[in-house]
Amino acid sequence: MEHILSGRAAAADLQAKLKERVLALQAGGIVPTLATVRVGEDGADASYERAIVRVCQNVGIRLQKHVLPLGCGQAALEDQLRRLDRDPETSGILLFRPLPKALDEAAAAACIRPGKDVDCMTEAALAGVYLGTSGSWAPCTAEGCMRLLAHYGIDPAGMHAVVLGRSAVVGRPLATLLLRANATVTVCHSKTRDLAAVCRSADLLVAALGKEHFVGPEYIKPGAVVLDVGVHWNAAAGKMTGDVDFDAVAPLAGAISPVPGGVGAMTSTMLAAHVVAAAEAQKE
Ligand code: NAP
């Protein structure tokens, strides 16, 4: 097993395959198109947007960026989403989240049909993930974790997987995907007792709690696979860091994803994969 699980390598591999599918679509007169909708300016959104631009350019997806002012109001946001949903040239829609507090995310999501919901934010798309009835896709980061494991030939079947974090965008859908891949799954959160001991029982530990360098060696069973989903800007170090204390944990882990260049690199590529799949489905 490789020791460093490089999301960049896995993403490059997937992007090469996506390029071929885009060429096939273009030959049939279809240009897969992603519409992004952002409300206001946010540092994290801007960084995700830059990653999306790079991947779309590389794969051949047309990108339409729509930016609404901070005080735009719910009606203007919903109008914009409905327009894009009706537009036959738009294959998929990404709404940057979380939205400003004054806006209703669920009502906004309801303006997007599941077939264009490339970020898996609608109730129908999420229900498909949880009920196992969806033939399409899961939230990008959760799916990116699964793709990263698959790229390195790591089969979660039979493993005890501990997911640290139960958010709707990462922890919960990932726990579901791991369960579907036949792992035995434990989901931890802020009320979990004796967290380090639970994590030390993991063959596969996923840190998705949003606390910089929280996971140290006392959380690791020697030889365990460790995925770090966390993203933090460490101003003192002048670089991105994760939820895992990489330098302290890496010597113990059987395999570990770094930050940057790990799970984060997979997220925007999974989004591109969903846009291509949406365009293919709309062609049929
Ligand atoms: P979130 O919505 O804030 O959820 C954090 C989860 O961690 C919650 O379930 C929370 O428990 C749990 N938690 C927080 N502190 C804890 C503690 N001390 N002990 C145990 N559990 C604790 O965060 P998120 O959106 O899932 O994101 C998690 C991290 O992933 C963040 O760093 C985020 O930036 C990053 N992220 C990265 C990507 C990527 O592409 N790489 C994508 C999305 C997010 P409760 O439920 O009990 O509150």
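## Helix H1

Helices (H or I, at least four residues) and strands (E, at least two) are taken as DSSP runs and numbered from the N terminus. The expected span of a helix is 1.5 Å times one less than its number of residues. Helix H1 covers residues 7-27, 21 residues in total. Its first and last C-alpha atoms lie 30 Å apart, close to the 30 Å expected.

Gly-7, Ala-10, Ala-11, Leu-14, Gln-15, Leu-18, Val-22 and Leu-25 of H1 are buried. Buried means under 20% relative accessible area, exposed over 50%, and partly exposed in between (1.4 Å probe, protein chains only). Down the axis of H1, the buried residues fall within an arc of 125°, so they line one face of the helix. That arc is taken from the directions from the helix axis to the C-beta atoms. An α-helix has 3.6 residues a turn, so residues three or four places apart point the same way. On the other side of H1, Glu-20, Leu-23, Ala-24 and Ala-27 are exposed.

## Basis of the model

This is a predicted model: local features need pLDDT of at least 70, side-chain atom pairs need 80 or more, and totals for chains, interfaces and linings use all residues. Residues are numbered from 1 along each chain as its sequence is written, and side-chain values use heavy atoms, without hydrogens or water.

## Aromatic pairs

Rings of Phe, Tyr and Trp (its six-membered ring) pair if their centres lie within 6.5 Å; planes under 30 degrees apart are stacked, over 60 edge-to-face, and the rest tilted. The count is two aromatic pairs. One of them joins Tyr-48 and Phe-96 edge-to-face, at 6.0 Å centre to centre and 90° between the planes.

Tyr-48 sits in helix H2 (residues 43-59), and Phe-96 in the loop between strand S3 (92-95) and helix H4 (105-109). The two are 48 residues apart, so the pair links distant parts of the chain. Tyr-48 is partly exposed at 22% relative accessible area. Phe-96 is buried at 3%.

## Second largest pocket

A pocket is an open set of points on a 1 Å grid over the protein atoms alone, where a 1.4 Å probe fits, with protein on both sides within 12 Å along at least five of seven lines; lining residues have an atom within 4 Å of a point. The second largest pocket holds about 200 Å³. Of its 13 lining residues, His-213, Lys-239, Thr-241, Phe-246 and Val-259 are closest to the centre. Strand S9 (239-241) and helix H9 (246-249) each give two or more residues.

Methods
Points joined across faces, edges and corners; volume = space filled by probe spheres on them.
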